[in-house]
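Colleague: Can you walk me through this model? Keep it quick.

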Amino acid sequence: MKAAFIETTGDPSAIHYGDLPQPTPQSGEVLVRVGSVAVNPIDLYIRAGMVPMTLPKPFVVGCDLAGTVEKIPEATGNLRSRFAVGDRVWGSNQGLLGRQGTFAEYAAVAEEWLYPTPEGVDDKTAAAVALVGITAHLGLFRDARLQAGEIVYVNGGTGGVGSMVVQMAKAVGARVITTVGSADKAKLCQQWGADCVLNYKTDDIPARVREFARGQGVNVWYETQREPDFLRTVDLMAQRGRIIVMAGRQAQPLFPVGPFYVKGLSLHGFAMFNATSTEQRRCAEDINRWLKSGQLKPLIGRVFPMSQAAAAHQLLEENTLGKAGTLHGKIVLTP
Ligand SMILES: NC(=O)c1ccc[n+]([C@@H]2O[C@H](COP(=O)([O-])OP(=O)(O)OC[C@H]3O[C@@H](n4cnc5c(N)ncnc54)[C@H](OP(=O)(O)O)[C@@H]3O)[C@@H](O)[C@H]2O)c1
């Protein structure tokens, strides 16, 4: 089968596209014929060696996938598959913690990381929501316990995670403040129902947030940036607000201890790949419900053939790390 893989970590040119043996699904796994995959920042960090992980050799890059169940090994003992051959599925959390990745024509995936794709949802859409949707959901609901009517602030409202946070928060009846870097991106956030869309390059963010939150403050601050500004954030929070951090491994920002505890705030950090399969499946159930109802629509910015995986990594690197602002949505690849 064709696959995009690395032999050693390095820059995007370390990714080769070529032939690898088709994997054989083991007990508890199914073989998925891949229809689409998506690129995430963690793919770049792993490929570059910035986030050290045990990698199979060769290592097929990529965490997300959507496709069709091709083969299920004979059930052993009490193990009965949740799926049948021909079922459409999506999933994430592959290519992590020693598991093989997804950028290939076929992937053998443990069933616990797979979910049924709702009727009417294509593979590109399902792949594009996978890791970012689960990440947004874990932060908003498992950790921040977002309630209807609360105010959520999220940076980068059209980014991979940010766009999911905006739409999920609206789906449960929260009020959303988000930031973008251009007028066309602002329009997209407004279409998704964001209540207050600010330009992080030109607007006075603290003043505009205070004006919107009218003395109440922000209940849930979902920080997607790698350099959080806790002095600003804590100042804008409501009593008993919850702050989520999930980016910026090297960041060591100043932290205003007094204002933080006097407001009764809490700070939650997580890496989605450490969430259990039960926690991730809980997210997937809501994601499927919202995909079906049309309340969750991933923004797909570019579609590449899988043979151009290196170019796809390069483009995401320029944007997530280089802040080029030239990408409007997720990068999806097809075999
Ligand atoms: N912990 C976890 O489990 C986990 C999971 C997923 C992602 N992450 C991390 O979360 C971060 C975001 O991931 P992603 O996939 O959403 O990346 P992304 O798609 O590249 O989005 C980044 C967003 O940041 C916005 N942005 C850039 N500069 C900004 C600024 N100065 N102020 C406010 N917003 C700004 C961009 O807005 P414009 O495009 O409008 O300029 C863009 O929307 C990455 O660092 C990633 O590694 C962590």
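Modeller: Domain bounds here come from an automatic or database domain assignment. By that assignment, the protein chain splits into domain 1 (2-117 + 299-334) and domain 2 (133-272).

Colleague: What should I know about numbering and confidence?

Modeller: Residues are numbered from 1 along each chain as its sequence is written. The model is predicted, so local features need pLDDT of at least 70 and side-chain atom pairs count only at pLDDT 80 or more, while totals for chains, interfaces and linings use all residues.

Colleague: How many Å apart are the C-alpha centres of domain 1 and domain 2?

Modeller: They lie 29 Å apart. The contact takes 7 residues from domain 1 and 8 residues from domain 2. Contact means C-beta atoms, placed from the backbone, within 7 Å.

Colleague: Switching to backbone. Which peptide bond is cis?

Modeller: The one from Lys 57 to Pro 58, with omega near -5 degrees. Pro 58 sits in the loop between helix H1 (41-48) and strand E4 (59-60). Helices (H or I, at least four residues) and strands (E, at least two) are DSSP runs, numbered from the N terminus.

Colleague: What about phi of Arg 214?

Modeller: Positive, near 35 degrees, and the residue is not glycine. Most residues other than glycine have a negative phi. Arg 214 is in the loop between helix H5 (205-213) and strand E12 (218-223).

Colleague: And where is Arg 240?

Modeller: In strand E13 (residues 237-245).

Colleague: Why does Arg 240 count as exposed?

Modeller: Because it has 11 C-beta neighbours inside 10 Å.

Conventions. Buried ≥ 20, exposed ≤ 12 C-beta atoms within 10 Å, placed from the backbone. Contact = placed C-beta atoms within 7 Å.
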